[in-house]
Amino acid sequence: MHPNALLELCAELIAAVNKLDAPADATVSAFFRQHKNLGQRERASLAETVYAMLRERLKFQNLAQSGSGPLPRRLAMLAWRGSDAFLRGALGPAEKQWLEQIQAIDPRSLAPKLRHNLPDWLAEPLLARLGEDEFWKLAAAMNEAAPLDLRVNTLKLKREEAQAQLAAAGIEAMPTPYSPLGLRVQGKPALNKLALFTSGGVEVQDEGSQLLALLLAPRRGEMVVDFCAGAGGKTLALGAAMRNTGRLYAFDVSGHRLDALKPRLARSGLSNVYPAQIAHERDERIKRLAGKIDRVLVDAPCSGLGTLRRNPDLKWRQSPQGLAELQDKQRAILASAARLVKPSGRLVYATCSLLNAENEAIAAEFAAAHPDFRPLAADEALAKAQVERAGELVENGALRLWPHRHAMDGFFAIAWERTA
Ligand SMILES: C[S@@+](CC[C@H](N)C(=O)[O-])C[C@H]1O[C@@H](n2cnc3c(N)ncnc32)[C@H](O)[C@@H]1O
């Protein structure tokens, strides 16, 4: 395709994504479906440019105020992640001159906001929690692409065997630093046609998510509930940890997400999983199980701000009002889920948010209202589950994962045992 035609398409896609009315990945996929003639490399250039624009949106929007022509085209030029020579082939002389002027600006001379590219309501609490030094490390880490992690289904094979099968297919993978079940793959190879994947030997799952399942540590023969199972990433890890015995209920209010669990379940070889759509957290089904469950995981709906490496649009699509609504949901779901837990059973509350408001604050309110739940030290629980150097992952007894410290998505998880 002619460079200018591709740059124009890129500008069109940026204009669509910048409306922020849908998740960026959905807008990008829909755009590619409408433009079937785009080749692999062209798609990669467009997608990477759009994600670069979202990561540093404040900076690019500020810089794009100068120059002329439509704003999305200027944003496309500034954020361009395809070949440099190709971009130059698309530009007129005035555009080339403008771009050179902008590229000569020393990024260190920009205002802090244009360097961290976070909205105030998000930057302020993170800065308060982490301090200046770490805050900048986090801001940089969140602008890097996330690695591709796999969880090995140990019902089917050992981690070393999966690693060897990947190597035989020309894919380099190393054991994840903390999870005993994980492999970190180099690059972004297509996995979905590999026999190892189609036969359920591995699932794509960030190392942090693997650690949440290890913290719940369900055992053989137990009754377990994954209260917000979604497409079942953690359900599959829990079912395998139970060695395909006992009963694992996968609840969610979204039938659509539970449907996405079904093919994964079929590949996994698990037969101990019972997916069920619930109307809300006080559904009759839940009431019938009160006090009967050994282990309950609440992977609560949250802002997702721990996943900005993958979903940079979330920082622009979330808001303080949205956060307050999420907190109400989190409180209600945790309180309902806790009723399921039997005496000496375990409850884990988790999110993929970085914010205290969705994590420690919700946990503290719950603990104050539920003296019959005793907090468990996450480092001890994880060490029992063969997690290496678990102490590095824990703050004040709870799992606290950070992209800049642990090279994982941001996660929080706290475990309690019901005493009575
Ligand atoms: C963080 S996601 C879960 C991701 C999933 N556990 C996984 O590992 O792939 C949160 C889920 O909570 C579900 N949810 C929202 N409100 C709920 C409620 N009241 N009861 C149960 N699930 C709910 C959402 O549909 C969403 O799938």
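Just after helix α10, Gly170 takes a positive phi of about 80°. The structure is a predicted model, in which local features need pLDDT of at least 70 and side-chain atom pairs count only at pLDDT 80 or more, while totals for chains, interfaces and linings use all residues. Residues are numbered from 1 along each chain as its sequence is written. Helices (H or I, at least four residues) and strands (E, at least two) are DSSP runs, numbered from the N terminus.

Helix α10 comprises residues 159-168, of which Arg159, Ala162, Gln163 and Leu166 are buried (20 or more other C-beta atoms within 10 Å of the residue's own; exposed, 12 or fewer; partly exposed, in between; C-beta atoms placed from the backbone). These four cover an arc of only 100° around the axis, which puts them on the same side of α10; the arc is that of the directions from the helix axis to the C-beta atoms. An α-helix has 3.6 residues a turn, so residues three or four places apart point the same way. The face turned away from the buried side of α10 carries the exposed residues Glu160 and Ala168. Packed against the buried residues of α10 are β1 (148-152), β2 (173-175), β3 (182-185), α11 (195-198) and β4 (202-204).

The protein chain is divided into domain 1 (3-117), domain 2 (148-204) and domain 3 (207-418), with bounds from an automatic or database domain assignment. The C-alpha centres of domain 2 and domain 3 lie 24 Å apart. In all, 16 residues of domain 2 are in contact with 18 residues of domain 3 (C-beta atoms, placed from the backbone, within 7 Å).

Helix α17 (residues 320-338) has 19 residues and should span 27 Å at 1.5 Å a residue; its end C-alpha atoms are 27 Å apart, which agrees. The expected span is 1.5 Å times one less than the number of residues. In α17, Leu326, Gln330, Ile333, Leu334, Ala337 and Ala338 are buried. They cover an arc of only 120° around the axis, which puts them on the same side of α17. Gln321, Ala324, Glu325 and Asp328 are exposed on the other side. The cover over the buried residues of α17 includes β8 (293-299), β9 (341-351), α18 (360-369) and β10 (373-376).

Of the 21 residues around the ligand, Cys228, Gly230, Gly233, Ser254 and Asp299 come nearest (a residue is near if its C-beta atom, placed from the backbone, lies within 6 Å). Two or more residues of this shell are given by each of α13 (233-241), β6 (247-252) and α17.

Terms used: Two residues are in contact if their C-beta atoms, placed from the backbone, lie within 7 Å.
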